[in-house]
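Visitor: I am new to this structure. Please show me how to read it, one feature at a time.

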Amino acid sequence: MNEYDSNRILDLVKKINYSSTENLKEADCYILNTCHIREKATDKVYHEVGRVKKEFRDKKKPIVLITGCVAQAEGDVMLKKEKYINAIVGPQSYHELNNIILNSENKNTKINSTEFEVIKKFDQLNIVKNTNSKISSFLTIQEGCDKFCKFCVVPYTRGPEYSRSTSEIISEAKQLVENGSREITLLGQNVNAYNWNNQRLSDLLYSLNEIKYLKRIRYTTSHPNDFTDDLIQAHVECNKLMPLLHLPVQSGSTKILKNMNRNHTIKEYLEIIEKLKKKKPTIKFSSDFIIAYPGETLNDFEKTLSLMKQVEFINSYSFIFSARPGTPAANFIAIDEKIAKERLAIFQKTANEIKEKYRKGLVNSTAIVLFENNTRGLNKYFGRDEYFNSVIVNSNEDLTGTIQKVKINKCNQNTLFGEIIMEDKRKEFAA
Ligand code: SAM
Ligand code: SF4
């Protein structure tokens, strides 16, 4: 979501004649867009501002803005602690950015803009053209969270759940496709809690599925508690919706899920997986895991391991529990660091073995790949298959934006390597 937000910030500041530069040394304004989901985020901000300070020691000071969830969480503390910062702007106050920059141009202002004004923000963003032209683009449809898992800062930093209107989403999607995008990933902290005038995520998926030249749709991140049957049916009926679902589970132990306030059991989680597999046999899953959550016994941890083995997630993001200031779990008794690290290593080893077995099984198979770009000017093209695996092929023809059938010849940990199946080389394979 920060990648989407950063792009939108760039679109916004164009209105006051600012544009992005790759060269830090020539920046007039430095915007650091931050994430607060795990520890050390605040330290990283001070470290980075220190770096900018050093770089501009003998030059005119740039305007320095901290945006994103660290700004939201730290508030005035950050402005007081680091005088070099002009303003902190929370994720629901980006509509204020241009005024803040203009106000800071000739004076060393200190501005704290951290109200939750998500409606005003999107009203402002909707009238600014989304200029992103990547083959695969993000589109935020929902923000914030009302679920209050005990470990998570999101409800405090992104604010309550808010869904954008379907018309504004569809018009932005059409804009992205017009710019050249062929794949759109819908974003939300709880993307499947999307609800605008009773229009649900499934309704949106059916509408997006009709957009000409849009070839692929994905969405992330969904919550098991909002996984309704209409959404399962959309996976069957929307041919552009990719057969990979990221469905975070966090732990394989129902007891731990209860302590996290996740409000579902492992049995219920597995029921969703089974329903989806029955209706769409080609579907595969990825997930998020928190290892060593306070109170996690060896037995709970083993349940997480066996869930991993049972579902055979083809990809997973796993982190040791990180105590986030202000969340209930920050006051719980932490698991010994050594044990936590050992459990993470065991978990990741198992996850990698499953992933490796899956990827080796892809060698000699055919993948349907949407090509995104050519790598470093060589005749190598990078794309992703339907399951989001990275694929590289050699080609003298420009494959960017096309979908091709690829025979996979080999793989390493991160990438599949293959060749275009000849009969389809000129003709684009219909998704
Ligand atoms: N809303 C999604 C859900 O409920 O599954 C997840 C959104 S959260 C921004 C992304 C991931 O960060 C979570 O799935 C969780 O695994 C991880 N995460 C959040 N807070 C964490 C914490 N305090 N420690 C470790 N991991 C955390
Ligand atoms: Fe955080 Fe997701 Fe829980 Fe919301 S549902 S509090 S975003 S982990």
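Guide: We start with the whole chain and then turn to single residues.

Guide: This is a predicted model, where local features need pLDDT of at least 70, side-chain atom pairs count only at pLDDT 80 or more, and totals for chains, interfaces and linings use all residues. Residues are numbered from 1 along each chain as its sequence is written, chains are lettered from A and ligands numbered from 1 in the order in which they are written, and side-chain values use heavy atoms, with hydrogens and water left out.

Visitor: How many helices and strands does the protein chain have?

Guide: Both are DSSP runs numbered from the N terminus: helices are H or I, at least four residues, and strands are E, at least two. The protein chain has 14 helices and 19 strands.

Visitor: What does the radius of gyration say about the protein chain?

Guide: The radius is taken over C-alpha atoms, and the globule rule is 2.2 Å times the number of residues to the power 0.38. For 431 residues, a compact globule would come near 22 Å; the protein chain has 23 Å, so the two agree. The C-alpha trace spans about 60 × 55 × 45 Å along its principal axes.

Visitor: Which share of the residues is buried?

Guide: Buried means under 20% relative accessible area, exposed over 50%, and partly exposed in between, with a 1.4 Å probe and protein chains only. Here 54% of the 431 residues are buried.

Visitor: How do I read contacts along the protein chain?

Guide: A contact means heavy atoms within 4.5 Å. Take the contacts between residues at least 6 apart in sequence: 72% of them join residues at least 24 apart.

Visitor: Where are the mean positions of the charges?

Guide: Lys and Arg count as positive, Asp and Glu as negative; His and the chain ends are not counted. Each charge is placed at NZ of Lys, CZ of Arg, CG of Asp or CD of Glu. The protein chain has 65 positive and 54 negative charges, and their mean positions are 3 Å apart.

Visitor: Now a single residue. Is glutamate 48 buried or exposed?

Guide: Glutamate 48 lies in helix H2, residues 41-55. Its relative accessible area is 17%, so it counts as buried.

Visitor: Which side chains make polar contacts with glutamate 48?

Guide: A polar contact is a pair of N or O atoms within 3.5 Å; within protein, one must be able to donate a hydrogen and the other to accept it, and residues adjacent in sequence count only if both atoms are side-chain atoms. The side chain of glutamate 48 meets that of tyrosine 30 at 2.5 Å. Another polar contact, of 2.9 Å, joins it to the side chain of arginine 51. Leaving out residues up to four places away in sequence, glutamate 48 touches Tyr30 and Leu32.

Visitor: What is in contact with isoleucine 392?

Guide: Isoleucine 392 sits in strand E17, residues 390-394. Its relative accessible area is 18%, and therefore it is buried. Beyond its neighbours within four places in sequence, its contacts include Lys380, Phe382, Leu416 and Gly418.

Visitor: Where should I look for backbone features?

Guide: Look at peptide bonds and phi angles. The peptide bond from threonine 220 to threonine 221 is cis, with omega near 5°. Threonine 221 is in the loop between strand E11 (216-220) and helix H10 (229-237).

Visitor: Which phi value does asparagine 261 have?

Guide: Phi of asparagine 261 is near 65°, a positive value in a residue other than glycine. Asparagine 261 lies in the loop between helix H11 (254-260) and helix H12 (266-279). At 24% relative accessible area, asparagine 261 is partly exposed.
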